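Here is a short briefing on one structure. Look through the sequence and the model first, then read the points below.

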Amino acid sequence: MKAALLDGKKISAEIQGEIKQHVAAFVEKTGKQPCLAAVLIGEDPASAVYVRNKERACERVGLRSELHRLPAETTQEQLMALVDQLNNDPAVSGILVQLPLPGHLDQTPVLDSINPIKDVDCFHPTNVGLVSQGRPQFMPCTPHGVIQILHRNGVEISGKHVVIVGRSEIVGKPLAAMLVQKTSPSCGPTAANATVTVCHSRTQNLAEITRTADILVAAIGVPKFITADMVKPGAAVVDVGINRTDDGLCGDVDFDAVGEVASSITPVPGGVGRLTVTMLLDNTLTAAKLQAGE
Ligand code: NDP
């Protein structure tokens, strides 16, 4: 493979080391240990794995975590009541409701009911608005992970054409909103100031557009969708996709073939996924600081 590996494990360990120090300093100063409360509804095995990974990551950096497991038949009212209880619990810094919810539950009112100061996933309209205005109190975890993995590997974003395939509320849209800002709050102006194109399933001549990307981000949810002929030689390629196939986990990028064309590429697993969890830890500490008036 010609492309350099953008190693999420390494960058994630580096950032977690920094967070651990900041958590220790916060605990020493305030006597309070920040806490992430995770809410898991139903028996989805992938969601259970994600929540367990988040709990372990909390432990590594010195955050407390608590898990609220509810049965699949939980009603909307019961879930909203739990969120209300967590909103009012001073020991809880951040609240995470693991998605997807079982089909009978309506996600939007649940996420909207999380106190914006505890909204560590950065899904609340207040926080989405603040991100889009370039004055975030939290940064959305996966887009922030994408920016960190590029920045810490020395891939300059400023002035570059970034093409994002995917316009979801979790990845594509917030990432575009962050990349067009004049500066990145965590990584400075070299990690912002991009020229951004967002593509989706109705985009015409997709390959023509992706071939103009200096940095190509795939957040589609289709295994190996981005093929070598869609990538400009020398581009940096970030694969956000996590797809479970018969051959195991794979991304939205044909890793082996694209690795021959790109200058750098993230693997799956071991890429952006690692950073997503890490940026959640960062947001939990931020939440604790906001609540402590820092
Ligand atoms: P969504 O399903 O919400 O969005 C997928 C996007 O891809 C949509 O905008 C859709 O377009 C677009 N798309 C689908 N098919 C095509 C196509 N043929 N051509 C062009 N665009 C297309 O997915 P998410 O954003 O939530 O997730 C994307 C991937 O990233 C998934 O594999 C998911 O598992 C992974 N993921 C990974 C995370 C991590 O931590 N690494 C975190 C979050 C997600 P349209 O809007 O028109 O339907």
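Predicted model: local features only at pLDDT ≥ 70, side-chain atom pairs only at ≥ 80, totals over all residues.

Which residue in β11 is the bridge partner of Leu-5? The partner is Ile-265.

**The open sheet**
- Six strands make up an open sheet with parallel pairing. Their order is β1-β11-β8-β7-β5-β6.
- The edges are β1 (4-5) and β6 (195-199). Each has a single partner strand, so one side of each has no neighbour in the sheet.
- For β1, two bridges make the link to strand β11 (residues 264-265), and the two strands run parallel.

**Strands β2 and β4**
- Strand β2 (residues 35-41) pairs with β4 in the parallel sense. Four bridges hold this pairing.
- Val-39 has Val-97 in β4 as its bridge partner.
- On strand β4 (residues 94-97), Gly-94 and Leu-96 point one way. Ile-95 and Val-97 point the other way. All of these residues are buried.

**The ligand site**
- Arg-167 places a polar side-chain atom 2.7 Å from an oxygen atom of the ligand.
- Ile-242 uses a polar backbone atom, 3.0 Å from an oxygen atom of the ligand.
- Val-240 has a backbone N or O atom 3.2 Å from a nitrogen atom of the ligand.
- How much of the ligand does the protein bury? Taken alone, the ligand exposes 920 Å², and the protein buries 69% of that.

**Domains**
- The domain assignment gives domain 1 (33-115) and domain 2 (140-273).
- Taken over C-alpha atoms, the centres of domain 1 and domain 2 are separated by 28 Å.

**The loop between α4 and α5**
- His-124 is found in the loop between α4 (107-112) and α5 (125-132). Cys-122 is in the loop between α4 and α5 as well.
- Is His-124 buried or exposed? The relative accessible area of His-124 is 10%. The cut-off for buried is under 20%, so His-124 counts as buried.
- Cys-122 is buried too, at 5% relative accessibility.
- Phi of Cys-122 is positive, near 60 degrees, and the residue is not a glycine.
- His-124 lies eleven residues from Ser-113 in sequence. In space, the two are 8.1 Å apart, C-alpha to C-alpha.

**Other backbone features**
- The peptide bond from Leu-99 to Pro-100 is cis, with omega near 0 degrees. Pro-100 is in the loop between β4 and α4.
- Val-268 and Pro-269 are also joined by a cis peptide bond, with omega about 0 degrees. Pro-269 is in the loop between β11 and α10.
- Asn-205 is not a glycine, yet its phi is positive at about 50 degrees. Asn-205 is in the loop between β6 and α8 (206-210).

Conventions:
Residues numbered from 1 in each chain as written. Heavy atoms only, no water. Polar contact = N/O pair within 3.5 Å; in protein donor to acceptor, adjacent residues only side chain to side chain. Areas by Shrake-Rupley, 256 points an atom, 1.4 Å probe, with all protein chains shown as cover. Domains from an automatic or database assignment. Pairing = 2+ DSSP bridges. Buried < 20%, exposed > 50% of the residue type's maximum accessible area, 1.4 Å probe, protein only.
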